[in-house]
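Let's take a walk through a protein model together. Keep the structure open as you read, and find each spot as we get to it.

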Amino acid sequence: MNTQVLKGVRILIIIPGTVSYFYDEEGRRVAEALRNLGGCVDVETLRSYTPQPYDWCFLMNLSEIEFSMQSKAKTLQHVRHIKSFATRVAMILLESVEMKWFFQSLQLLQEADIDILLDLGFHNQYERATPETRKVYHFIFNGLTKSEREAAYQMFTPLEERPLPWTFVGHLTKERMRFLNKLTENLSRDGFLYLVHFTPVTETGPHLNQEQFFTVLTRTQYKIWCSHHPFFYIESIRFRMALLAGTVPMKVNLDPHRAFDQSLPFSYLIHHEDDFHDAINQLDFEETRQKFATEFLEYPSLEASLLDGLNRLG
Amino acid sequence: MLNKNRLNHTPNHTLRNMPTGVSIVIPNWNHEYLLPRSIQSALMGAKQLQQHDIPADVLVIDDHSRDGSLTLLRQLEALYFDDGLRLIALPENVGVVAVRNLALECASYRYILFMDADNELIPENIYMFVRAIQDTEAAMVYGNLIRRGPVAAYVDMFNNESFQNHIFQRNYIDTFSLYDRHQIFDVRGYQSIPMMQSHEDWELILHLAASGRKMVFVPVLMGIYYDLPSSFVNPTRSAEFEFERKSYIDRVFNQLGIRFHQEPNTYHLRYHPDVGYI
């Protein structure tokens with residue numbers, strides 16, 4: 001990788017700052033990757049940025065930023081202001097293009113007259129997107145940054161240091177409850193189970209923050225989760241966090257149509273709720289963890305994916 | 001007032017010299033058909049603890065049931081006496097508050113796990129709760145409860161969050177929890193207050209918080225709560241007292257309206273014995 005390829009390129013990344021640490025974290029990862037490519041990157045919020053010439057501005061999900069600002073009008077006003085001094089502005093997305101929150105972001109994107117949507121994930125969602133979305137959609141593989149690749153095996157502690165058989169963390173939904181009822185009947189009842197009422201994910205709870213969740217995962221064998229919506233989506237953040245904590249990720253597919261493209265990354269770790277406990281019982285922890293890590297490291301890095309994406313955009 | 005001298009159950013220790021161990025207490029009032037499930041799970045829980053060298057027993061207090069519970073309970077006590085099943089049969093109906101306070105006085109061990117006859121304990125997890133209450137020195141530890149309704153499709157979860165200040169508006173922590181008797185005695189146990197009728201457990205939780213005690217959420221499944229029509233607090237009666245209840249809570253616990261801006265000692269305490277504080 002030519003580490004100087006973005007030398008002289010000035011980039012502004014806007015993160016929500018006060019809500020959804022996922023997007024804050026992703027903004028910092030994108031910043032790290034772009035800096036590794038030689039870019040000069042500032043990570044700011046809409047309340048803290050300084051107007052100055054930038055070649056690129058990446059907005060870490062407009063609806064999250066709007067929620068953080070508590071005002072749609074102010075959000076749009078700031079974004080239009082940024083457009084006056086940044087040559088190109090794009091929104092970065094990390095979610096299903098079929099869920100309702102995405103359409104809120106899309107609407108903001110259109111109102112702000114932004115024509116680039118970068119979907120940072122594990123699978124191209126172009127086919128699932130609406131015609132309106134397709135006009136602005138660009139997929140970028142959410143690989144590991146340089147520091148993450150170096151840390152990939154750091155937490156690969158032995159099984160005996162992982163007393164929690166499984167961990168399930170998220171907010172409480174009817175679908176998740178239905179699944180957990182089955183899981184605790186069919187697999188085991190002694191896992192770490194933390195489900196809170198629906199509320200924005202902030203650092204102050206009741207959700208676990210990044211550090212707390214990571215600590216729990218370092219004592220866990222299998223990290224289990226399912227989406228809070230019925231649309232098929234592979235959460236790259238969840239997989240990466242599992243790798244760095246040395247746990248095996250297991251995604252529950254609640255899609256009633258069940259079938260999905262088996263050539264997608266880590267499809268052997270994604271199972272329908274009806275088949276889930278059989279699937280997990282057949283896995284060997286150490287073997288699966290090694291396979292998962294090896295495959296993850298074989299995928300393109302975030303630096304390579306971003307560079308490829310930016311090149312495609314000219 | 002119940003005359004305790006009429007009870008044929010005298011603990012052979014003082015309240016300040018309670019042996020470390022766990023008494024699983026099941027108050028019963030006309031729940032004959034549900035008792036086998038709750039008692040079986042409690043006996044299995046006691047067995048789990050005994051395997052970890054923690055003394056444990058199961059104490060069922062029958063609050064003068066009229067549905068045949070007592071006959072069943074006497075048979076079960078005879079069958080499972082060696083496994084630690086004990087019965088107190090009250091000669092008159094005294095209500096659940098008095099029953100729980102009686103358990104606080106009569107139970108054999110320092111820690112009490114209160115459950116109801118329509119609950120099922122997850123036996124394999126009880127040891128984690130005991131480790132948690134010992135490690136944190138909390139007055140009370142509690143965990144997730146799965147709520148199952150009369151139809152299979154109805155399933156929910158509660159008791160699933162750490163202590164937050166919105167509990168001063170609505171309770172979300174159930175009695176089905178593990179308690180340190182020392183500390184519950186210090187705050188004088190459950191109070192029978194007319195406007196808090198059927199919400200005495202909530203009153204105790206607020207009292208513990210206001211007294212600086214720790215209530216710790218352990219993110220593990222503690223049990224299953226089977227919702228039956230009789231499980232619910234009588235909604236008409238409950239609504240009738242709603243205004244008085246709110247006034248009482250504000251008057252006692254939130255006089256200056258600062259509870260939402262002040263974090264008690266127990267605020268957001270989450271602990272797992274294999275992880276530590278989270």
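We'll look at some helix pairs and then at a cavity.

First, some ground rules: this is a predicted model, where local features need pLDDT of at least 70, side-chain atom pairs count only at pLDDT 80 or more, and totals for chains, interfaces and linings use all residues. Residues are numbered from 1 along each chain as its sequence is written, chains are lettered from A and ligands numbered from 1 in the order in which they are written, and side-chain values use heavy atoms, with hydrogens and water left out.

Start in chain B with helix α6 (residues 200-210) and helix α8 (residues 242-253), whose axes come within 11 Å and cross at roughly 15°. Helices here are DSSP runs (H or I, at least four residues), numbered from the N terminus. Axes are lines fitted to C-alpha atoms over the stretch in contact, and angles run from 0 to 180 degrees between N-to-C directions. Who touches whom? On the α6(B) side, Trp202(B), Glu203(B), Leu206(B), His207(B) and Ala210(B) meet Arg245(B), Tyr248(B), Ile249(B) and Phe253(B) of α8(B), where contact means heavy atoms within 4.5 Å. Sorted by class, that gives six nonpolar, one polar and two charged residues. For the classes, Ala, Val, Leu, Ile, Met, Phe, Trp, Tyr, Cys and Pro are nonpolar, Asp, Glu, Lys and Arg are charged, and the others, Gly among them, are polar.

Still in chain B, look at helix α1 (residues 35-51) and helix α4 (residues 126-136): their axes come within 9 Å and cross at roughly 60°. That angle is why α1(B) counts as oblique to α4(B). Here Gly45(B), Gln48(B) and Leu49(B) from α1(B) meet Ile126(B), Tyr127(B) and Val130(B) from α4(B). This contact has four nonpolar, two polar and no charged residues.

Now hop over to chain A and its cavity. A cavity is a set of points on a 1 Å grid over the protein atoms alone where a 1.4 Å probe fits but cannot get out; lining residues have an atom within 4 Å of a point. How big is the second largest cavity? Its volume, the space filled by probe spheres set on the points, is about 30 Å³. Its lining includes Ser227(A), His229(A), Phe231(A) and Lys251(A), and by class has four nonpolar, three polar and two charged residues.

Methods
On a 1 Å grid over the protein atoms alone, a cavity is a set of points where a 1.4 Å probe fits but cannot get out, and a pocket is an open set with protein on both sides within 12 Å along at least five of seven lines; lining residues have an atom within 4 Å of a point. Helices (H or I, at least four residues) and strands (E, at least two) are DSSP runs, numbered from the N terminus. Angles under 35 degrees count as roughly parallel, over 145 as roughly antiparallel, 65 to 115 as roughly perpendicular and the rest as oblique.
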